[in-house]
Amino acid sequence: QVQLVESGGGLVQPGESLRLSCAASGSIFSINVMGWYRQAPGKQRELVAEITSGDSTNYADSVKGRFTISRDNAKNTVYLQMNSLNSEDTAVYYCNVRQLEAAIMYDYWGQGTQVTVSS
């Protein structure tokens with residue numbers, strides 16, 4: 001089992017920045033993918049960014065050039081630096097860890113943190 005605790009959400013104005021953090025604990029494997037997803041009201045959950053244990057990254061087109069994902073393997077923590085935020089970034093952001101356990105792929109989710117961009 002893996003537990004994820006997110007922090008860093010809040011209310012900001014358009015153009016401002018936020019940094020989300022997600023600390024993982026429990027049975028963390030050395031090889032995994034950590035990521036951030038978001039879900040806006042009335043919309044499906046979508047991938048924002050993900051990073052492998054080898055530091056390969058993948059971003060949604062809508063956030064490329066504005067968001068940066070990083071991880072600290074020693075702390076089992078993943079970060080999402082969000083710059084130039086706009087109203088379309090308003091959503092609940094969820095941390096995700098995906099790892100292979102005994103040939104089965106498991107997905108673990110955090111409880112979510114609200115990000116609201118509004119003037």
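**Salt bridges and a buried glutamine**

Guide: The side chains of R38 and E46 form a salt bridge, with N and O 2.8 Å apart. Please keep in mind that this is a predicted model.

Visitor: Is R38 buried or exposed?
Guide: R38 counts as buried, because its relative accessibility is 6%.

Visitor: And what about E46?
Guide: E46 is partly exposed, as its relative accessible area is 37%.

Visitor: Which residue forms a salt bridge with R38 at 3.0 Å?
Guide: That residue is D89; the closest N and O atoms of D89 and R38 are 3.0 Å apart.

Visitor: Where do D89 and R38 lie?
Guide: D89 lies in the loop between strand 8 (77–82) and strand 9, and R38 lies in strand 4 (residues 33–39), so the pair ties together parts that are 51 residues apart in sequence.

Visitor: Why does D89 count as buried?
Guide: D89 counts as buried because its relative accessibility is 1%, and the cut-off for buried is under 20%.

Visitor: What does the side chain of R66 meet in a salt bridge?
Guide: The side chain of R66 meets that of D89, at 2.8 Å from N to O. R66 lies in the loop between strand 6 (57–59) and strand 7 (67–72), while D89 is in the loop between strand 8 and strand 9, so this pair ties together parts that are 23 residues apart in sequence.

Visitor: Buried or exposed, that R66?
Guide: R66 is buried, with a relative accessible area of 16%.

Visitor: Which residues are linked in a network of salt bridges?
Guide: The network links R38, E46, R66 and D89.

Visitor: How many salt bridges does the count come to?
Guide: The count comes to five salt bridges.

Visitor: Changing topic: where does Q99 lie?
Guide: Q99 lies in strand 9, which covers residues 91–101. Q99 counts as buried, because its relative accessibility is 1%.

Visitor: What does the side chain of Q99 join in a polar contact?
Guide: The side chain of Q99 is joined to that of E101 by a polar contact of 2.8 Å.

Visitor: Leaving aside neighbours within four places in sequence, what is Q99 in contact with?
Guide: With those neighbours left aside, the contacts of Q99 include V2, S27, I28, F29, I31 and N32. Also among them are I104, M105, Y106 and Y108.

Technical notes: Residues are numbered from 1 along each chain as its sequence is written. This is a predicted model: local features need pLDDT of at least 70, side-chain atom pairs count only at pLDDT 80 or more; totals for chains, interfaces and linings use all residues. Side-chain values use heavy atoms; hydrogens and water are left out. Helices (H or I, at least four residues) and strands (E, at least two) are DSSP runs, numbered from the N terminus. Buried means under 20% relative accessible area, exposed over 50%, partly exposed in between (1.4 Å probe, protein chains only). A polar contact is a pair of N or O atoms within 3.5 Å; within protein, one must be able to donate a hydrogen and the other to accept it, and residues adjacent in sequence count only if both atoms are side-chain atoms. Contact means heavy atoms within 4.5 Å. A salt bridge is a side-chain nitrogen of Lys or Arg within 4 Å of a carboxyl oxygen of Asp or Glu.
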